[in-house]
Amino acid sequence: MKTPPAAPARALPFPWASVCVIAFTLGVAAQPALASTLLYERLALLRGEYWRLWTGHFVHFGSSHLFWNLAIFTVASIWSERLAPARTRLLLVASPGLIGLALFGLEPALATYGGLSGVATSMLVFLSYTQLARLAAPATTNKNEPPTSSPTSDRWFWRAVLALIVLKIGAEFALQQPLFTRFAPAGIRAVPLAHLIGVLVATVMHRNLRGFRPRFLPRRTG
Amino acid sequence: MPHGYFSLARVFRPALFVALVLSALLLAGCFSTRGPRKTERSSSVVSYLYPDQANPLPPTSIPVLRLPLRVGIAFVPGKSDISEQQKTVLLQRVAAEFKGRDYIQNIELVPSTYLRAGGGFANLNQVRSLLGVDVIALVAYDQVQFTSNNLLSLSYWTIVGAYIFSGNKNDTQTLMEAAVYDIASRHLLFRAPGASRVEAGAAAAYVQQRLRTDSTAGFDAATTELITNLKLQLETFRERVKNAPGEVRIEHRPGYTGGGSLGMCFASILGLLFLARAGVRHRP
């Protein structure tokens, strides 16, 4: 008796949105002249240059600043986009703007801001949520998102990642030593609020848009 | 006639001799064969800040440092002053060492004309308003120069010896001190000293010139030590602020630059977690 052939495993989607963001960030780093046009600057925002709310995240203040932010973002965003492409792409579009908007509203003393860490935190949190959701219900696959091989119980790992992020943000708020914060160029300090907003955006996205798929995209069959 | 001529010479010879001796004595007197001499130039932070107060009251409020700091640096007005150019050079050396630190926005060299003797905190508040500085480093100095004669000074009697032999011994002792004050709260944040001693010999004709050179060298050497001590005291102050946050309050000036940064430490911990995950998954 012949067993029916196993259905071919569907290829994971190409993470083009993440690749675009990474390329854009590297492009901005390669062309420092662009920084003055793209950087989050409160005065420029008040003049009506609203794109800076979104683009400020892609400007960095040094090679070390760029490297570590981009390293974490690359892993989190590509992994996340392969698991939940639609929501990741929406998050990639929404989180920079929402973080920028929150900084504008909640941190009026912040004159200039740059760095991808808020978005990277958002992607990492979203990836952790997505993985935890898959582990909680391995049998139910979202028909809008491609099935992947069922992982062994990695719940502890993703919980540890989330706990690490929460601890980091808590420590940044509580034990801030702004006087001697080591940051590549002079006079720049870390902004934990950007990370916190990143976590909130990812949480909202995960909780409220499960199964999200834009109408203009064709539905997957089979 | 010849007879008369000779009689005239006989009359003037003793007078010529006396005149020569007197002029030699007078010239030798010009080349300082007196005892040790002392020159002093000094300024005092206490006299400048508390001119008429025997027991100044300690400040009561906690200093609030708004970062990044705008720092002023000035010589305290003193008696027998050193030249403005020399002061500027010394202050520039101190300022250069502290530029480029992330918690210092700018360092302003305050000209002597902005400070008046005994001006106190009222004068410092004027400087604060005029130049927009929050913290000021007041540099005071005390330089004493001694000149004494040694055995070679006997050669000065020959007049020529006063140009050749170093019969004078100069001793220049310099003490400098930088006291860093938060102007608003009148708090002394920290202080650092610097000292030097320069010894040199000089011929009588060049004593004053040599003293001026020694004075400059003394200030230079004392400034070098002052800078080293200032760096040390700054580190100590940093630790103090970390360990006793109630002593000094740190705030950020509106309009700061912020950066979102995850950093190597966070990435490393994530990496270790990931390695642990891989290890757990591959365990049989």
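Reader: Which residues of α9(A) are buried?

Author: In α9(A), the buried residues are A:P192, A:L193, A:A194, A:H195, A:L196, A:I197, A:G198, A:V201, A:A202, A:M205 and A:H206. Here a residue is buried if 20 or more other C-beta atoms lie within 10 Å of its own, exposed if 12 or fewer, and partly exposed in between, with C-beta atoms placed from the backbone. The model is predicted, so local features need pLDDT of at least 70 and side-chain atom pairs count only at pLDDT 80 or more, while totals for chains, interfaces and linings use all residues. Residues are numbered from 1 along each chain as its sequence is written, and chains are lettered from A and ligands numbered from 1 in the order in which they are written.

Helix α9 covers residues 192-208 of chain A; its 17 residues should span 24 Å at 1.5 Å a residue, and its end C-alpha atoms are 24 Å apart, which agrees. The expected span is 1.5 Å times one less than the number of residues. Helices (H or I, at least four residues) and strands (E, at least two) are DSSP runs, numbered from the N terminus.

As for the setting, chain A has nine helices and three strands, which run α-α-β-α-α-α-α-β-α-α-β-α from the N terminus on. Of its 222 residues, 40% are buried. Contacts (C-beta atoms, placed from the backbone, within 7 Å) between residues 24 or more positions apart make up 79% of those in chain A with a separation of 6 or more.

Another helix of this chain, α7(A), comprises residues 117-136. Its first and last C-alpha atoms are 28 Å apart, close to the 28 Å expected for 20 residues, and 16 of the 20 are buried. The axes of α7(A) and α8(A) come within 9 Å and cross at roughly 150 degrees. That makes the two helices α7(A) and α8(A) roughly antiparallel. Axes are lines fitted to C-alpha atoms, for helices over the stretch in contact, and angles run from 0 to 180 degrees between N-to-C directions. Angles under 35 degrees count as roughly parallel, over 145 as roughly antiparallel, 65 to 115 as roughly perpendicular and the rest as oblique.

On the α7(A) side of this pair, A:T121, A:L124, A:V125, A:S128, A:Q131, A:L132 and A:L135 meet A:R155, A:W158, A:V161, A:L162 and A:I165 of α8(A). By class, eight of these residues are nonpolar, three polar and one charged. Ala, Val, Leu, Ile, Met, Phe, Trp, Tyr, Cys and Pro count as nonpolar, Asp, Glu, Lys and Arg as charged, and the others, Gly among them, as polar. A:A160 also lies in α8(A), which covers residues 155-174. A:A160 counts as partly exposed because it has 17 C-beta neighbours inside 10 Å. From A:S128 it is 32 residues apart in sequence and 9.3 Å apart in space, C-alpha to C-alpha.

A further pair is formed by α5(A) (residues 63-83) and α6(A) (residues 85-106), whose axes come within 6 Å and cross at roughly 140 degrees. The helices α5(A) and α6(A) are therefore oblique to each other. Here A:S77, A:S80 and A:E81 of α5(A) meet A:P85, A:T88, A:R89 and A:L92 of α6(A), a contact with two nonpolar, three polar and two charged residues.

Terms used: Contact = placed C-beta atoms within 7 Å.
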